[in-house]
Amino acid sequence: MDIDTRARRAGLPDASVGVTELYQAHAVGLIKLGVIMLGDRTAAEDVVQDAFFGLYRNWGRLSDPVNALAYARASVLNGCRAALRQRIRRERRDLSAVADAATAESVESIVLLSEEHREVFAALRRLPDRQREALVLRFYLGVSEEETARAMGISRGTVKSSTSRALAALGRMLKEES
Amino acid sequence: MSTVADRTRAAMDAITIQVDSAPPLPLPPPLAWAPRASRRRWRAPGPRRRWGPWLAPLAAAAAVIALAVSLVAVRGTPGGHELVPAVSPAGAAVSFPDYYLTFNQPVSDETIPVGLELRSTLTGKTLSTLQPPRGLSFAGITGAADDRTFVADAHRDPYGAFNSGGRSRTWYLVRVTGTGSHARLTMTKLPVPATPVGTEILAIALSPDGTKLAVGTAPWTADTTNAKQALTVYSVATGAVLRTWTTPPGRANWAIMSGGEGGADPNTGVAWVGNHSLAFARAAEIAGASPYEPAVRVLDISRPDGDLLSSSRPTTLVPTGEPGGDQSTPFGCDPSWRVNVLITGDGTSFVCGGYGTSGARLPQSLCKPGTAWNTVAFAGFSLTTGKETFLSGYRTTCQGLAVVAYAVWVNATGSKVIGWMHFANSIPGKFGVFSNGSFRPLPIPVPGNWYQWDDGSLLYQVAW
């Protein structure tokens, strides 16, 4: 049984149609999420495309189309985490690459930032991944608390505490640095 | 909105300003449905014997009878939490559980079924591993007081606890056989009913004697207008529902505060007080209290089914520090962990990690010279009087958000706490046994799991 047959049985549109529509509607927002998490547009685009390929492969397994966006968001977050872990492993393996990696990720996007934005972004990068994810999803992309919780695989309460702690930490870091 | 939020949003706008389009998504043509080979194991053709429906309850009952016999020794100690002494390399005898259970992969990996690992508390060495039943992935673990009996729950793919939200759970009794380096894990399917699809697990807790399983649930839904929380107690031996209490419809009436840190099912959302009561924390039900100050409620499980709140009674209001790490209060539990309930084995105290300005005589941990002294510690608060019953930790010059402490195990009296303490980014954290001013380091559980560093999700990923 192919993907589309399975999808039709589940009441979903064909995989290529459904995934393409979803990609067109949400890819830009998800790439922005990736850019903030990774500091690198190319890597962010790769992560988002991988997430939608994964969604395409698993389309027939979705029980409800509403879950498709949540699946894509969660996959993007997973992809970002994997990319960050790979980056850390690479840096540990080759200490000389640390400076190169830091430079590489800053060239395209960060160099264009003002001093103020660069300072905030540096503080943002120092946050634990989960706090940063919660902040981006809730405060920047305007994703609901419930959907943020689903995408991150945590409870609504943890979304709240993570955003609250993130803002408190940012406030402290920015105050310390000013 | 605060200035920090405004500045953050502006910076995010600035770094993503050039992202106004996405590259094309070249999808391959539809492929024949081909599940990944790793998820399907080859089985010899031929008829399958259907042992499962009647063998599982029998096996579970046999296992529970064995468990009841083995737990006789545990009942001899208060609360059953004082276990076999282990000897540290330095020669000082310290009492803590020999083993703990944990997951065997990062929670976010959805390609491999999550198994379980039995590890030595003292050495951190993996003693035994246990793969989940075919097609399933473990997502929750909780332990009895004998250090040899656990209950685990599992869900279908996609694998990884990170993907477990809203999925049906099936339940397994996991036991430790043998001792020392010969300790091994065994698994028996429990007759406890599977949770329906669309259920969020708020709490799992195995009673100290291993005979009852408490499960807190809520609908996995965005619309919580009519949603109820439920707390159900099952018989481990028969799977029968012994009691069920619910909250009135609507999120505002919910009682249990916990949720899935890092995806694993919360095993500290409710806690047993002995073998006949359950404790959970509920926020701000006392007028004038901060929303971060939980009232610990205790529920006698002999109470009939009914309303969760009216069936339980508030015991003590737990003092908390301010969110964000402000340490201006005398001593308070870290509000980030206020949803997690840890009770001493003798059932007398609520235990937490936190900070404050307490002047208690404690060892010092210097962060920056010349700044104010604070306390980072584990504390107990009497469930009867609310008064502090013990305090174990450090006086430190560190302060701010980086100061963190949370506990994962406590003995009968609170004289020994296993927990994590973090003072500042520049100082290595401490994980181990904190006991009346002394500290005995232990290997950090799940060191390969990056998630443990993030907001303490270690809490739900280990079971002692």
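The exercises below work through helices, cores and a sheet in a predicted model.

Residues are numbered from 1 along each chain as its sequence is written, while chains are lettered from A and ligands numbered from 1 in the order in which they are written. In this predicted model, local features need pLDDT of at least 70 and side-chain atom pairs count only at pLDDT 80 or more, whereas totals for chains, interfaces and linings use all residues.

**Exercise 1. Describe the secondary structure and burial of chain A.**

Step 1. Helices (H or I, at least four residues) and strands (E, at least two) are DSSP runs, numbered from the N terminus. Chain A has nine helices and zero strands.

Step 2. A residue is buried if 20 or more other C-beta atoms lie within 10 Å of its own, exposed if 12 or fewer, and partly exposed in between, with C-beta atoms placed from the backbone. Of the 178 residues in chain A, 48% are buried.

Step 3. A:Ala82 lies in helix α4 (residues 66-93) of chain A. A:Ala82 counts as partly exposed because it has 15 C-beta neighbours inside 10 Å.

**Exercise 2. Check the span of helix α7 (residues 129-140) of chain A, then describe how α7(A) meets α8(A).**

Step 1. The expected span of a helix is 1.5 Å times one less than its number of residues.

Step 2. The buried residues of α7(A) include A:Arg130, A:Glu133, A:Ala134 and A:Leu137. After the helix comes A:Gly142, with a positive phi near 70°.

Step 3. Axes are lines fitted to C-alpha atoms, for helices over the stretch in contact, and angles run from 0 to 180 degrees between N-to-C directions. The axes of α7(A) and helix α8 (residues 145-152) of chain A come within 10 Å and cross at roughly 145°.

Step 4. Two residues are in contact if their C-beta atoms, placed from the backbone, lie within 7 Å. On the α7(A) side the meeting residues are A:Arg130, A:Glu133, A:Ala134, A:Leu137 and A:Arg138; on the α8(A) side they are A:Glu145, A:Thr148, A:Ala151 and A:Met152.

**Exercise 3. Locate the largest nonpolar core and the contacts of B:Val174.**

Step 1. A nonpolar core is a set of buried Ala, Val, Leu, Ile, Met, Phe, Trp, Tyr and Cys residues joined through C-beta atoms within 7 Å. The largest has 103 residues, and B:Val174, B:Val270, B:Val341 and B:Ala407 have the most contacts inside it. Strand β25 (residues 404-410) of chain B gives the most to this core, namely seven residues.

Step 2. Beyond its neighbours within four places in sequence, B:Val174 contacts several residues, among them B:Leu101, B:Phe150 and B:Met187.

Step 3. A second, separate core of 55 residues includes A:Val19, A:Ile36, A:Ala74 and B:Val19.

**Exercise 4. Give the strand order of the open four-stranded sheet in chain B and identify its edges.**

Step 1. Two strands pair if DSSP finds at least two bridges between them. The order is β6-β7-β8-β9, with antiparallel pairing.

Step 2. Strands β6 (136-143) and β9 (184-189) of chain B each have a single partner strand, so one side of each is left without a neighbour in the sheet. Neighbouring strands are turned by 30° against each other on average, direction ignored.

Step 3. Strands β7 (residues 149-156) and β8 (residues 170-177) of chain B are antiparallel and joined by six bridges. B:Ala154 stands opposite B:Thr170 in β8(B).
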